[in-house]
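Have the model open in your viewer as you read along.

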Amino acid sequence: FRRPERVMIAFDGSKTTRKGVEMLAKSPLFAGVVVHVVIVGAETGDNRSQLDWALATLREAGHDAEGAIRAGEVEATLRGYQAEHDIDLLVMGAYGHSRIRHLLVGSTTTTMLRRASVPVLLLR
């Protein structure tokens, strides 16, 4: 076991990921850890506002926080960011879509778990 030094949260502004940011901000387990907040999507005012909220929440709790909005396919973009920034732990929401969508197009969560090269903390 190696204590994570850099954590990435895959953030989409949903209730689950907002709770995740608040949990990371308050948890003594993440004290001294650099937290990267990553939104996969377009650079829009709404995404920028969501990212600013997450970064402010983390910084107010004393965390060193960095953020990015990246366009692209979710899994590949998150894996690329993780490799680029030497991320030690990925935090993400679990199974946010309906069972029908999951059956038809698959699950981002399942794909990330299968391909992850670092530990993954799932939020529900």
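Contact here means heavy atoms within 4.5 Å. With that in hand, Ile-9 touches Thr-17, Gly-20, Val-21, Leu-24, Val-35, His-36, Val-37, Val-38, Val-91 and Leu-123, leaving aside residues up to four places away in sequence.

This is a predicted model, in which local features need pLDDT of at least 70, side-chain atom pairs count only at pLDDT 80 or more, and totals for chains, interfaces and linings use all residues. Residues are numbered from 1 along each chain as its sequence is written, and side-chain values use heavy atoms, with hydrogens and water left out.

Buried means under 20% relative accessible area and exposed over 50%, with partly exposed in between (1.4 Å probe, protein chains only).

| Class in H2 | Residues |
|---|---|
| Buried (under 20%) | Asn-47, Gln-50, Leu-51, Ala-54, Leu-55, Thr-57, Leu-58 |
| Exposed (over 50%) | Gly-45, Asp-46, Glu-60 |

The buried residues of H2 fall within an arc of 160° seen down its axis (taken from the directions from the helix axis to the C-beta atoms), so they line one face. Their cover includes helix H1 (15-26) and strands S2 (34-40) and S3 (65-70).

Notes. Helix = DSSP H or I, 4+ residues; strand = E, 2+ residues; numbered from the N terminus.
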